[in-house]
Every structure is written in structure tokens, then in C-alpha cells.
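This report goes through selected parts of one structure. Please look at the sequence and the model first.

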Amino acid sequence: MPHLHIAKFKEVEFPSSCDGVSFHFIASNPNNKEEKLIATKADDVDFFLLVKEEERKTLLKTDKITRPAATHIAHKALLAYAKAAKLDILSSNVVENSKSIHLNEMSALKNIDYFTTDFKPDREVRVEIGFGSGRHLLHQVLSHPDILFIGLEIHRPSIEQVLKQINIKNIKNLLILDYDARLFMELLPSNVVGKIYVHFPVPWDKKPQRRVISTTFVNEAKRVLMVGGTLELRTDSDNYYNFSYETFMSLNRVSLHINKNRDIAISSKYEDRWKKMEKNIYDITMINEEYSQELFYDFDFTFDSVRLANGDMLKLHKNLKKFDGGFVNFERVYDMQGGVMFRLAMGSFDRPENLFVIVKDKKAHYFPIPPLKSKSNLEAHKLLNKVLHG
Ligand SMILES: C[S@@+](CC[C@H](N)C(=O)[O-])C[C@H]1O[C@@H](n2cnc3c(N)ncnc32)[C@H](O)[C@@H]1O
């Protein structure tokens, strides 16, 4: 994660700008005085820079929830802030003119907004979830130039590695997204996906709710699959295999193929590791046998006027509100000039989303983007609206 270690944090004037980066406001956390967020805009992307005061130095980095997909934007913003505030940089992993990212890589790297508004596939789509080193994904992409691939990963170094390969090999049929696959499926149109690969997902034996495979996930996967389309799960964990088998069995109109120690055209990094350890590899292929209805969304994520006083909103820190099937957790509250900001976890228990909400002059809005259009997010939004409306 790009960061600067600085001797002492200094504020710029808000709003102000420097080297094409604008800084809109600063929000402080009354429950953790060492932490501040700076609302920043660079290359048309809104996000927060996070200030964390440590014992002898201060850390300035991008906030994890809103961080821009392209690292060079984060680099540019950090350096612009340091310059504008005349910060004394002690150490950093940020390089000047770090726009090493090539045009090809830029157009392959999409943010979630692209899939909520602009994604209209005109050919078969295949999706790989948690592509890691990208060995399997790149093999598929190069073997099927007429198919559009989407690679999902949440591990930034893996994403950067694959983006470099996209550039070197001049790949045009792959879109990369840094996003939680558990939330992503709901954004795809029905019946457009030929194959979904989930190879060696993290087993999360102690926190099964974090697993990629869940009842909601397999239902959404079935909806987006064409008739005859497949979801291929490979795992070395018999626990995960058993759990997934049960989960797939809850679906109607699918067939399941089970294999043990099947070799496929390309072996991933993890697969090689497990093979060397002579572990068994389990393989479930779910074949969809049914055409699915298109989804029609009518989601409204706007707020009524806020009636709670700023002081009362600040007291919502760590407050958890539940509804049937989901929750809103006010993880953090921030104080900002003329208003309050919340960092929330909300939605369903197995696929919560992290979001920011800014309340100023009795008006509330999500920053920088509203929640994903899911039923549980809409329920969570209604509950949040009720809490703020009083
Ligand atoms: C054990 S690795 C396997 C990587 C690769 N598929 C392979 O076989 O070598 C699991 C990968 O899934 C990614 N991952 C875990 N949870 C994810 C999620 N919810 N959405 C997208 N990727 C995820 C991790 O970052 C990690 O790179």
C-alpha cells in the first residue's frame, strides 16, 4: 500500500489543490484522536487519504475502503499533499512520476462503477475469482481471444502482476477488478457467463461466513450462467469441499460433476504446492440447466432530511442496528466542519459492505459511491435513513 512516513502532520487549507489534486475537507475521529481522513480527488477519482499518528512519526496513506484502483493516482495524491502541506518526509514507498501503468493496463483495470453502469457484454463472458498469480487466468485468456474474461482479486500485488502481463502480452479480452467477489455477482446481467472459476479459495475454516461460496453466491452464479454454463470449484480442503457440495445441492435444475485429483490444462501455483505435498484435490463442476429472468432494479439510496443533531450522531459510534437478514454497524464516526461522517459496515451478514456517509446541513449522502444494488443493502439503507431521520 503506498504510504509516506512523515515527521509531523500539517493541515492544508480546505478546500485547496496542488498539482491537479484537490483536497476537499478533513474529518477527525473523536474516539481515536490519532486518526484523520482527508477527502481527496485526483484524475476524477474521489477517495480518502488516511493520517495515522504513531509514537514518533505519522503515517500518510490511502484509506483501504475508498483507495483508487490505479496505484499511480494514490502516489500522485500523497506527493501532492506532502508538497502542499510542506511535510517533512522521513521515508516512503512512493515514487515520483510513478505513472508506469501503461494505457493497456489502465483500460483493463475497471472500478466497480463500470460494472454498475457501463457493462453491456456483447459476447460470452468468463469469470475467475481470486486469480492469485494469474497463471490459470492468463492461460485461458490467451487460449480464447474471442471470449471476454473478468478477473477478480483483492490482493493488490497479484493485480499489479497480472496488469503487467496484460501490457507485455498486449491482451485485449481481460478486465481486472479489485473487488470482493461475494458482492460482485449481483451486478452481472443474467445468462451471459459461460464459465466461473473458483480455484483454491481461502478455506476460512474458523470464519465460514467469509467464504466465497455461500447459498446467495451460488444462486447468483446460477442466474448469471448461460444454460450449460459451469462453475468450477477446485479445493485441497475436504472441509470446504463438503461445505460447497451441500451448498450446491440446495440449487434446483443443476447437475454436479465430482472429480478427485483431476489434472487440468494448467496447474495454478497453489495446485502445484498441494500436489508436491501429495494432498488430494477435490473438484466440483456445477452445470446450470435453466434460463434465468433478467433483474430489474429500482433502488433508491437517497436520504430524507436528517433530524438527528450532530452531537447525537457522534454518539452512534460502535452502535449496531440489526434487521431480519442484515445489519448496519456504525464502525466509526468522524467530526468534520459543519457535519458528521460515518464509516459503516452494512448489508447482509455474509457479504457486508463498507461505506462512508457524510451528513452536512441536514443532508446525507454516501461517499464516494452509493451501496451496491442488493436487497439487503436496500433494507440496511432504509434502516439507516430511519435512524438519521429520527
Ligand atoms: C489461495 S489463493 C488461490 C489463488 C489462485 N486461484 C491459485 O489457485 O493459485 C486465494 C485467492 O483468492 C483471493 N480472494 C480471497 N477472497 C476473495 C474474495 N472475496 N474476492 C476476490 N478474491 C478473493 C485471495 O486474495 C487469493 O489471492
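This is a predicted model: local features need pLDDT of at least 70, side-chain atom pairs count only at pLDDT 80 or more; totals for chains, interfaces and linings use all residues.

Thr-235 belongs to strand S13, which covers residues 225–235.

A polar atom of the Thr-235 side chain lies 3.0 Å from the backbone nitrogen of Ser-237. With neighbours within four places in sequence left aside, Thr-235 is in contact with Phe-200, Tyr-240, Tyr-241, Asn-280, Ile-281 and Tyr-282.

## The ligand and its surroundings

There are 16 residues around the ligand, and those that come nearest are Gly-130, Glu-153, Asp-180, His-199 and Ser-268. By type, the shell divides into eight nonpolar, five polar and three charged residues.

For Asp-180, a polar side-chain atom lies 2.9 Å from a nitrogen atom of the ligand. For His-199, a polar backbone atom is 2.9 Å from a nitrogen atom of the ligand. Tyr-270 has a polar backbone atom 3.4 Å from an oxygen atom of the ligand. On its own the ligand has 600 Å² of accessible area, and the protein covers 88% of this.

## Arg-156 in helix H5

Arg-156 is in helix H5, residues 156–168. Is Arg-156 buried or exposed? Its relative accessibility is 13%, so Arg-156 counts as buried, given that the limit for a buried residue is under 20%.

The Arg-156 side chain reaches the backbone oxygen of Pro-68 at 3.4 Å. Pro-68 is also one of the residues in contact with Arg-156 once neighbours within four places in sequence are left aside; the others are Arg-67, Ala-69, Thr-71 and Asp-178.

## Helix H1

Thr-71, one of the contacts of Arg-156, is part of helix H1, residues 71–84. H1 has 14 residues, which at 1.5 Å a residue should span 20 Å. The C-alpha atoms at its ends are 20 Å apart, in agreement with that value.

Ten of the 14 residues of H1 are buried, so the helix is largely enclosed by the rest of the structure. The buried residues are Thr-71, His-72, Ile-73, Ala-74, His-75, Ala-77, Leu-78, Ala-80, Tyr-81 and Ala-82. After H1 comes Lys-86, with a positive phi near 50°.

## Helix H11

Helix H11, residues 375–389, has 15 residues. From its first C-alpha to its last it reaches 21 Å, close to the 21 Å expected at 1.5 Å a residue.

The buried residues of H11 include Ser-376, Leu-378, His-381, Leu-384 and Leu-388. Which elements do the buried residues of H11 pack against? They pack against helix H10 (310–314) and against strands S16 (320–323), S17 (326–336), S18 (339–348), S19 (353–360) and S20 (363–367). H11 is followed by Gly-390, whose phi is positive, near 80°.

## Glu-54

Glu-54 is in the loop between strand S5 (45–53) and strand S6 (58–62). With a relative accessible area of 38%, Glu-54 is partly exposed. Not counting residues up to four places away in sequence, Glu-54 touches His-5 and Leu-59.

Leu-388, one of the buried residues of H11, is 334 residues from Glu-54 along the chain, and the C-alpha atoms of Glu-54 and Leu-388 are separated by 33 Å.

## Backbone exceptions

Most residues other than glycine have a negative phi, and most peptide bonds are trans. Some places in this chain depart from that pattern.

The peptide bond that joins Phe-14 and Pro-15 is cis, with omega about -5°. Pro-15 is in the loop between strand S1 (3–6) and strand S2 (16–18). Another cis peptide bond joins Phe-367 and Pro-368, with omega about -10°; Pro-368 lies in the loop between S20 and H11. As for phi, Glu-278 has a positive value near 55°. Glu-278 is in the loop between helix H9 (269–276) and strand S15 (282–288), and at 72% relative accessibility it counts as exposed. Lys-362 is not a glycine either, yet its phi is positive, about 70°; Lys-362 is in the loop between S19 and S20.

How values were computed: Residues are numbered from 1 along each chain as its sequence is written. Side-chain values use heavy atoms; hydrogens and water are left out. Helices (H or I, at least four residues) and strands (E, at least two) are DSSP runs, numbered from the N terminus. Buried means under 20% relative accessible area, exposed over 50%, partly exposed in between (1.4 Å probe, protein chains only). A polar contact is a pair of N or O atoms within 3.5 Å; within protein, one must be able to donate a hydrogen and the other to accept it, and residues adjacent in sequence count only if both atoms are side-chain atoms. Contact means heavy atoms within 4.5 Å. The expected span of a helix is 1.5 Å times one less than its number of residues. A residue is near a molecule or strand if one of its heavy atoms lies within 4 Å of it. Accessible areas come from the Shrake-Rupley method with a 1.4 Å probe; for residues, only the protein chains shown count as cover. Ala, Val, Leu, Ile, Met, Phe, Trp, Tyr, Cys and Pro count as nonpolar, Asp, Glu, Lys and Arg as charged, and the others, Gly among them, as polar.
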